[in-house]
Amino acid sequence: MKTVGHWIGGKYVDGESGRTGPVTNPATGERTAEVALASAADVDLAVAAAAEAARVWGRSSLSARTRVLFAYRELLDRRRDEIARLITAEHGKVHADALGEVARGIEVVEFACGIPQLLKSAGSYEVSTGVDVRELRQPLGVVAGITPFNFPAMVPLWMFPMAIACGNAFILKPSEKDPSAALRVAELMAEAGLPPGVLNVLNGDRVAVQRLLQHPDVDAISFVGSTPVAQAIYQAGTTPGKRVQALGGAKNHMLVLPDADLDLAADSAVSAAYGSAGERCMAVSVLVAVGGIGDELVDKIAERARGLRIGPGDQDTSEMGPLITAAHRDKVAAYTPSAREQGAEVVLDGTAEPVGPDAAHFLGVSLLDEVTPEMDAYRDEIFGPVLSVVRTDTYADAMTLINSSPWGNGAAIFTADGAAARRFEREVEAGMVGINVPIPVPVAYHSFGGWKGSLFGDHHIYGSDSVHFYTRGKVVTSRWTAPRGSGLDLAFPSGSTS
Ligand code: NAD
């Protein structure tokens, strides 16, 4: 059986812990690999490699960094299909969805290629006679990124291209459930010319994370995962003074007003609720139907959802793949009977018939109507193919419901009324808002992040916020009393290569 090891200092390393975890193909239930689970000593090795590399990389020229990033972008572009297949094999999502994930990751690399422009600083000339002020942004040093299972390539790509473009060394700790895609995208950075140690992949579980949080040479942590872990990491990391951004879970609401195009709303709800088997932090998990449109909208959603083709992600006919583990499938499945017991109307019951072979992690789609805020299906982040419909009489009732949520990642409104949409974007307590768009994941040049329990920390991820997160500001006030010669050089000036 293959063991997925670590990538430290530009080399494959098995690690010294002797501990491993299973990697499974969710579409068959078959164990396909073991993943090494790092010990504290393995973490120390990765941090030492990163700290050494950061000293040199942090002083590299912008042209040296962009040369690597442009080459990396080309390599990723050529390997889209291969990376998508790795994602499907360990995560289970369908190939087209995996390709979409890779594409959104490549967008961040393209943004990072513009780092010379992004790091340009402000300054003031002659603030006093002969005195100038300039602002600098300098790298932090060593940054660790801890990522979730649901976007095994994209979320790492949300982090390390920008961290490295800003001059940091990076240690990626991917999800232990599907580590191979992350390892592959990291290897390609080496192929693009990144010096050893600037990017390291450390596989592992909470043991590795605990040591990264304690290690004095780790300057910053970027975390994406569930809310309880995000909150704990934010507290543990910031107490000793590390910079931490910790993106957490979600329960995203889609509000539909009576004037909306109900066919568009139904298409959007089905795509956003059941795409990737509901394992997206920007999935729509609650639809709020306002003012008497509930019956028609639920019928339209049920009609579309009934026809979804569930199957292995590597088959072209499949529209929805399996869930990540058998345990997660069973946890998700339990919400449908519990919703029924608590008074919801189960319009579609994804648990009624088994899908696929016993050992595989497939689950059918569930549609729950007449859900109320007290029900478990409403309160919990289910992270599976379950859509809850809540009916309200008014827009005001819908907004009270949405803004009472402990999460605030994404929220969407479907309407034909511009004024209503404008009011919604102002009033809704969420970091990312869709107007007739169900999954409003910002493009790479706008930052991604939620409010409330969906983000702990001040900075959103990627986009211009990431330049601030991965650098420290410095303001230089200078006075020169006499010019200093620098010698003659008649060559055409160009960026340094070191
Ligand atoms: P998770 O919190 O279980 O794991 C995320 C990472 O943390 C993994 O690398 C894991 O090894 C590590 N980890 C898990 N438990 C830990 C612990 N007790 N101590 C230290 N480290 C620990 O999340 P997941 O199940 O992999 O991913 C799904 C979750 O991630 C969902 O809640 C989803 O909403 C969220 N998510 C959020 C975003 C976002 O941008 N806000 C994006 C993707 C996923």
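Domain 1 (3-248 + 454-470) and domain 2 (252-435) each put residues into the lining of the largest pocket, so this pocket sits between them; the domain bounds come from an automatic or database domain assignment. The model is predicted, so to speak of local features takes pLDDT of at least 70 and side-chain atom pairs count only at pLDDT 80 or more, while totals for chains, interfaces and linings use all residues. Residues are numbered from 1 along each chain as its sequence is written, and side-chain values use heavy atoms, leaving out hydrogens and water.

A quick word on terms: on a 1 Å grid over the protein atoms alone, a pocket is an open set of points where a 1.4 Å probe fits, with protein on both sides within 12 Å along at least five of seven lines, and lining residues have an atom within 4 Å of a point. Points join across faces, edges and corners, and the volume is the space filled by probe spheres set on them.

| Largest | about 990 Å³ | 21 nonpolar, 11 polar, 8 charged |

In the largest pocket, K177, F223, G225, S226 and V229 are the closest to the centre out of 40 lining residues. Helix α9 gives the most, with 6 residues (helices are DSSP runs of H or I, at least four residues, and strands of E, at least two, numbered from the N terminus).

Over in the second largest pocket, 13 residues form the lining, and G58, R65, R137, Q138 and P139 lie nearest its centre. Strand β7 gives the most here, with 5 residues.

Conventions: Ala, Val, Leu, Ile, Met, Phe, Trp, Tyr, Cys and Pro count as nonpolar, Asp, Glu, Lys and Arg as charged, and the others, Gly among them, as polar.
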